[in-house]
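Please read it with the coordinates open.

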Amino acid sequence: IDSIPQNHHMISGIDITGNLKHLFVTAHKVPAYMFLLCIRGKCTIKLHLNQYTMREGSLLVILPELYLQIIEQSNDCRFIFTSFAADLVRCSNLFSKTLEYTPFLFDNPLMQLDKKGTELMYLYIKLLIKADNTSKCILTQEQASLSYTQLILGLSQLITNGKGINAPQQY
């Protein structure tokens with residue numbers, strides 16, 4: 001996973017077979033802004049220099065250029081994810097929104113969502129997958145930037161209100 005393919009601003013998917021672990025069995029730099037939601041099972045990951053435990057409802061927000069490794073994963077561990085090209089997010093209007101929450105996300109990349117928060121993130125990412133698959137064309141830069149903005153603003157509401165998020169586990 002060295003890069004998002006050219007002319008793709010966003011990639012979303014569901015890891016239904018547990019193959020994501022094979023991409024990150026060793027530490028790799030993540031080239032994009034990535035939202036990784038654990039929808040089943042449990043795993044231990046290392047993000048940059050910190051180790052975390054993810055379980056159902058854990059949302060990991062990964063900033064570009066950070067190293068990710070999946071150290072251990074249960075057989076039933078599955079993820080749904082969406083990622084946005086770093087160049088897309090670094091454009092002026094999105095960067096200002098991201099910059100506002102970057103210190104929090106850098107210090108607290110893993111959030112344990114409650115049932116409602118998990119369902120909200122799951123349904124939103126699933127909608128992005130469906131939109132990408134049914135459009136039979138690549139989502140435009142404008143569509144991808146709006147989707148990213150909606151995710152960041154929705155997540156910021158959960159963070160600000162303290163609703164939908166429980167304390168993360170870090171080792």
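1. Conventions. This is a predicted model, in which local features need pLDDT of at least 70 and side-chain atom pairs count only at pLDDT 80 or more, while totals for chains, interfaces and linings use all residues. Residues are numbered from 1 along each chain as its sequence is written, and side-chain values use heavy atoms, with hydrogens and water left out.

2. Cysteines. A disulfide is a pair of cysteine sulfur atoms within 2.5 Å. The count by this rule is zero.

3. Cysteine burial. Buried means under 20% relative accessible area, exposed over 50%, and partly exposed in between (1.4 Å probe, protein chains only). Cys38 is buried, at 0%. Cys43 is buried too, at 2%.

4. Helix α4, geometry. Helices (H or I, at least four residues) and strands (E, at least two) are DSSP runs, numbered from the N terminus. The expected span of a helix is 1.5 Å times one less than its number of residues. For the 20 residues of α4 (residues 115-134) that gives 28 Å, and the end C-alpha atoms are 28 Å apart, so the two agree.

5. Helix α4, faces. Gly117, Thr118, Met121, Tyr124, Ile125, Leu128 and Ile129 are buried. On the face turned away from the buried side sit the exposed residues Lys115, Lys116, Lys130, Asn133 and Thr134.

6. Helix α4, packing. Contact means heavy atoms within 4.5 Å. The buried residues of α4 pack against β1 (10-15), β3 (32-40), β6 (58-62), β8 (78-85), β9 (110-113) and α5 (141-161). Take Thr118, which is buried at 14% relative accessible area. Leaving out residues up to four places away in sequence, Thr118 touches Leu37, Gly57 and Leu113.

7. Core. A nonpolar core is a set of buried Ala, Val, Leu, Ile, Met, Phe, Trp, Tyr and Cys residues joined through side-chain atoms within 4.5 Å. The largest has 49 residues, and those with the most contacts inside it are Phe35, Ile45, Leu60, Phe79, Phe84 and Leu155. Helix α5 gives the largest share of this core, seven residues.
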